[in-house]
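Work through the exercises below with the sequence and the structure at hand. Try each task before reading its solution.

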Number of protein chains: 2
Amino acid sequence: MKELEERIRKEGIVLGGDVLKVDSFLNHQVDTAFLSVLGKEFARRFAGSGVNKILTVEASGIAVAMAAAPYFGSCPVVFAKKGNAANQSADCYGANLHSYTRGIDYSARVSRNYLTKEDTVLILDDFLANGEALNALIDIVRQSGARLAGCGIVIEKAYQPGGARIRGLGVRVESLARIAAMAPGQITFAAE
Amino acid sequence: MKELEERIRKEGIVLGGDVLKVDSFLNHQVDTAFLSVLGKEFARRFAGSGVNKILTVEASGIAVAMAAAPYFGSCPVVFAKKGNAANQSADCYGANLHSYTRGIDYSARVSRNYLTKEDTVLILDDFLANGEALNALIDIVRQSGARLAGCGIVIEKAYQPGGARIRGLGVRVESLARIAAMAPGQITFAAE
């Protein structure tokens, strides 16, 4: 998505070799009008897929999901809660994951009340890199018996293995911007 | 706000003496259409106050802020990031606070890039009880030199000291539902 690529090129800051900061519109300050445009694009791509629920994980994912929901019939948004990896409970679907950014393991949990086999779920998140968070959310959808329409990602680091691995499972992944390579001052996008 | 009080009465679960779970529409699953109604009500109450930025804190606050933003001219939402209480940095405004729910101290931080003295800020959050989070956000607004239009809260536990204390500072606080007392199976609202 050209508009997003331009925004990342203009405002994104590459730290070290592998951290992309887009705090000015996505991860700290949220450009709500722009996220609404991204939400509309997710709806265009997943049109006709019968989505009745959006699943994401706290915290930044909530902004993406909330911006998209109006274009999916104002469907409910469910956000997985992060907690101690040891802390799972019987009334929740849960999966453990590793955060490469923070260097810790934690759990993602969703109450059994809010995902059922009647649901058709779209997973939305801000970033896809190693795919840890997305794998956990997919696992949670599988546990619930819901149908998974696919995953919508704002920024995929296409040079990292998460996207290929998840597409390899037969899951549809739509990323609005795919970064092929990056270094301080230089971001290259994969062809659409 | 009657519609919100009815929803809390119908779906809220009081745990122990003091925890109100509203996971079905606010804190875990988000009823996005309903939050949009709440957002519109915040806009009605703060009409003409010149708000150009909404400030909240991760995670649940993000949903409230995103739902309200379209009614404030699709203004930016800034969400304070939570971190280790020891972990403040020079490029951020920051305040430490205690979470009574989780029994820990942590910091709330906002980059100096995203709040300035040119801004008129509305603080939005899901709950107000002891006022720790709200105090931290107000402190951050003060540090930035921005004008504070006031605070909008979805649910205030009016029997706890936060609301009175913050109003006592001369800050306008608008709460859409104010709980006067609660016990398992019974929630009483303060008169509007």
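**Exercise 1.** Leaving aside its neighbours within four places in sequence, which residues is B:Phe72 in contact with?

Solution. This is a predicted model, in which local features need pLDDT of at least 70, side-chain atom pairs count only at pLDDT 80 or more, and totals for chains, interfaces and linings use all residues. Residues are numbered from 1 along each chain, chains are lettered from A in the order in which they are written, and side-chain values use heavy atoms, without hydrogens and water.

Step 1: contact means heavy atoms within 4.5 Å.
Step 2: the partners of B:Phe72 are B:Gly39, B:Phe42, B:Ala43, B:Phe46, B:Val51, B:Ile54 and B:Leu122, leaving aside neighbours within four places in sequence.

**Exercise 2.** Is A:Ala180 buried, partly exposed or exposed?

Solution. 
Step 1: buried means under 20% relative accessible area, exposed over 50%, and partly exposed in between (1.4 Å probe, protein chains only).
Step 2: A:Ala180 counts as partly exposed because its relative accessibility is 34%.
Step 3: leaving aside neighbours within four places in sequence, A:Ala180 is in contact with A:Tyr159, A:Thr188, A:Phe189 and A:Ala190.

**Exercise 3.** How far apart are the C-alpha atoms of A:Ala180 and A:Lys40?

Solution. 
Step 1: along the chain, the two residues are 140 residues apart.

**Exercise 4.** Which residues have the most contacts inside the largest nonpolar core?

Solution. 
Step 1: a nonpolar core is a set of buried Ala, Val, Leu, Ile, Met, Phe, Trp, Tyr and Cys residues joined through side-chain atoms within 4.5 Å.
Step 2: the largest one has 82 residues, and A:Leu4, A:Phe72, B:Leu4 and B:Phe72 have the most contacts inside it.
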